[in-house]
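This report covers the aromatic ring pairs and the sheet of one model. Please view the sequence and structure below first.

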Amino acid sequence: MTAPQRLPEASRLRATQWPMVCGLTLLWLLLWGTPTPANVVTGVLVALLVVLVFPLPPVEKQARAHPLGILRFAVRFVLDLVVSSWRINRYMLAFGRPRCAVLAVKMRCPGDLMLTVTAVAVTAVPGSTVLEVDRRSGTLYLHVLGGESEEEQARARRDALRLETRVVEAFGTAADVAAIRASEAAEEVFGRWR
């Protein structure tokens, strides 16, 4: 294992993340409560000191905003919320306790950002919660309300994968979108794998 290389001091200053400096300065001003010139200057100095002493690793560009994809994601997400709420009401009004299931759903774009956004979106939809995320295999473990039959479990898996597709189409890179398209094409030819 090789040791991480430290940047020379001059390039560390160039590598300063200015949005982080602005955010820390704003936080400093909020903590002091009054935006006086002295507070602004000390806020910038403290923010620069924090960023230089505790540098963050470089962030890879993992996302691109696709306006049409974001619109599709938002509209479909609202529709998913309505449908899932209706399902929850149906389970609550039925006699007996609804059965639950824990499902493993392997994502097709296991990048950190796409996996995180998909996990948050899946959890935001009523009736499903992400229990665990396995980064190495790109698998989400979901707790699903009403997963008593194979058909309902398959529907829950399809819903999670469709949500992943919409997330990637809204925020993914070209490589992510290509991976989703290739996976969908392979699924049409060979069927869904588990």
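Phe-77 is buried, at 17% relative accessibility, where buried means under 20% relative accessible area, exposed over 50% and partly exposed in between (1.4 Å probe, protein chains only). The model is predicted: local features need pLDDT of at least 70, side-chain atom pairs count only at pLDDT 80 or more, and totals for chains, interfaces and linings use all residues. Residues are numbered from 1 along each chain as its sequence is written, and side-chain values use heavy atoms, without hydrogens and water.

Rings of Phe, Tyr and Trp (its six-membered ring) pair if their centres lie within 6.5 Å; planes under 30 degrees apart count as stacked, over 60 as edge-to-face and the rest as tilted. The count by this rule is three aromatic pairs, including the tilted pair Trp-28 and Trp-32.

| Residue | Relative accessible area | Class |
|---|---|---|
| Trp-28 | 23% | partly exposed |
| Trp-32 | 52% | exposed |
| Phe-73 | 13% | buried |

Phe-73 and Phe-77 are stacked, because their ring centres are 5.6 Å apart and their planes at 20°. Ring pairs join Phe-73, Phe-77 and Phe-171 into a cluster.

The open sheet has three strands in the order β1-β3-β2, with antiparallel pairing; strands are DSSP runs of E, at least two residues, numbered from the N terminus, and two of them pair if DSSP finds at least two bridges between them. β1 (100-106) and β2 (128-134) are at the edges with a single partner strand each, so one side of each has no neighbour in the sheet. β2 pairs with β3 (residues 139-145) over six bridges, and Ser-128 stands opposite Val-144 in β3.

How values were computed: Helices (H or I, at least four residues) and strands (E, at least two) are DSSP runs, numbered from the N terminus.
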